[in-house]
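We will go stop by stop.

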Amino acid sequence: MAKQIVMLGPPGAGKGTQAKRLSEKLGIPHVSSGDIFRENLREQTELGKRAEVYVNRGELVPDDLTIAMIRERISRPDCDDGVLLDGFPRTAPQAEALDDMLEALDKGQVDAVPCIVLPDEVLIERLTGRRTCRAQGHIFHITFNPPKEAGICDFDGSELYQRQDDTVETVTNRIRVYLEQTQPLIDYYQQRGVLLEVDGDQSIDMVFDEIISVLVGVQGA
Ligand code: AP5
Ligand code: MG
């Protein structure tokens with residue numbers, strides 16, 4: 001099975017939902033750049049303060065900050081056997097920086113890029129109804145994936161909140177930013193032969209099964 005995995009897809013496609021499950025199944029850490037930014041925002045670290053204005057507007061945090069943050073994270077020993085990246089890379093310079101850091105760390109190359117595809121109108125509905133757990137970032141949806149008890153995480157009992165960037169206005173901007181800056185990475189990985197397109201417009205279980213079946217086909221499985 002692939003070891004260095006990048007989850008690609010627009011905001012709301014289900015990257016986080018699938019990455020949490022995949023990480024358990026594959027036994028490699030789930031590294032979400034958005035989760036790391038939100039954690040830093042909450043704790044008001046120096047990084048959090050610098051990233052805040054971008055995250056809340058749905059703009060991308062500058063590449064230098066983001067790249068340094070991910071480099072530090074994937075250098076940790078828990079990533080020795082592979083990593084499942086969610087939300088990074090998002091620009092061409094980030095993709096090139098990832099190649100360089102994997103090489104410098106002697107981890108080979110990105111070997112699978114599941115790309116979850118679905119129409120814009122579905123994305124908006126998914127994001128505006130999303131609820132996220134305060135403690136560990138577990139993901140729910142008020143209609144499509146509701147918690148057993150409204151407002152409470154099924155897994156750890158913590159409060160569910162609505163992300164500040166999940167308003168219709170910010171979501172629309174995030175989708176625009178994705179199309180302009182991140183969609184070109186589809187070509188980048190397709191040319192390398194590692195892109196694996198997945199239909200995101202089906203149930204969470206079905207998307208998961210499809211990702212597993214495409215990953216099984218990857219060399220080294
Ligand atoms: P980030 O946190 O990465 O947000 P995103 O890419 O916009 O993606 P989302 O987390 O919104 O969506 P998702 O695909 O994970 O969907 P989810 O599984 O939650 O980034 C946030 C911000 O941080 C950025 O805007 C930027 O400012 C900054 N940032 C992060 N990385 C950066 C980088 N590399 N460079 C620069 N800046 C960066 O699912 C969505 C909803 O749908 C949930 O409610 C879920 O329950 C539901 N759902 C999921 N799957 C299904 C299904 N199959 N059927 C029905 N409902 C479903
Ligand atoms: Mg996410």
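Start with Ile74. Leaving aside residues up to four places away in sequence, Ile74 touches Cys79, Val83, Leu85, Leu98, Met101, Leu102, Leu105 and Lys107. Keep in mind that this is a predicted model.

**The cores**

Now widen the view. Ile74 belongs to the largest nonpolar core, which has 33 residues. Select Leu8, Leu85, Leu98 and Tyr189 as well: together with Ile74, they have the most contacts inside this core. A second, separate core has 23 residues. To find this second core, select Ile5, Ala13, Ile28 and Ile211, which are among its members.

**Helix α4**

Select residues 63–74, which form helix α4. The helix has 12 residues. From first C-alpha to last, α4 reaches 16 Å, close to the 16 Å expected at 1.5 Å a residue.

Which residues of α4 are buried? Show Leu65, Thr66, Ile67, Met69, Ile70, Arg73 and Ile74. What covers these buried residues includes β2 (30–32), α2, α3, β3 and α5.

**Where α2 meets α4**

Show side chains at the crossing. From α2 come Ser33, Ile36 and Phe37; from α4 come Thr66, Met69, Ile70 and Arg73. The residues of this contact divide into four nonpolar, two polar and one charged.

**Backbone stops**

For background, most residues other than glycine have a negative phi, and most peptide bonds are trans.

Go to Phe88 and Pro89. A cis peptide bond joins this pair, with omega about 0°. Pro89 sits in the loop between β3 (83–86) and α5 (92–104).

Jump to Gln44, in the loop between α2 and α3 (46–57). Its phi is positive, near 50°, and Gln44 is not a glycine. Is Gln44 buried, partly exposed or exposed? Its relative accessible area is 36%, so Gln44 is partly exposed.

Then take Asp106, in the loop between α5 and β4 (113–117). Asp106 is another residue other than glycine with a positive phi, near 60°. The cut-off for exposed is over 50%. Asp106 has a relative accessible area of 70%, so Asp106 is exposed.

Select Thr132, in strand β5 (residues 130–133). Buried means under 20% relative accessible area. Thr132 is at 7%, so it counts as buried. What does Thr132 touch, not counting residues up to four places away in sequence? Show Gly137, His138, Glu159, Leu160, Tyr161 and Arg163.

Finish at Asn173, in helix α7 (residues 168–182). Asn173 counts as buried because its relative accessibility is 16%. Show Arg57, Gly58 and Glu59: Asn173 touches these, not counting residues up to four places away in sequence. Last, draw a C-alpha to C-alpha distance from Asn173 to Gln18. The two are 155 residues apart in sequence and 23 Å apart in space.

Notes:
Residues are numbered from 1 along each chain as its sequence is written. Chains are lettered from A and ligands numbered from 1 in the order in which they are written. This is a predicted model: local features need pLDDT of at least 70, side-chain atom pairs count only at pLDDT 80 or more; totals for chains, interfaces and linings use all residues. Side-chain values use heavy atoms; hydrogens and water are left out. Helices (H or I, at least four residues) and strands (E, at least two) are DSSP runs, numbered from the N terminus. Buried means under 20% relative accessible area, exposed over 50%, partly exposed in between (1.4 Å probe, protein chains only). Contact means heavy atoms within 4.5 Å. Axes are lines fitted to C-alpha atoms, for helices over the stretch in contact, and angles run from 0 to 180 degrees between N-to-C directions. Ala, Val, Leu, Ile, Met, Phe, Trp, Tyr, Cys and Pro count as nonpolar, Asp, Glu, Lys and Arg as charged, and the others, Gly among them, as polar. The expected span of a helix is 1.5 Å times one less than its number of residues. A nonpolar core is a set of buried Ala, Val, Leu, Ile, Met, Phe, Trp, Tyr and Cys residues joined through side-chain atoms within 4.5 Å.
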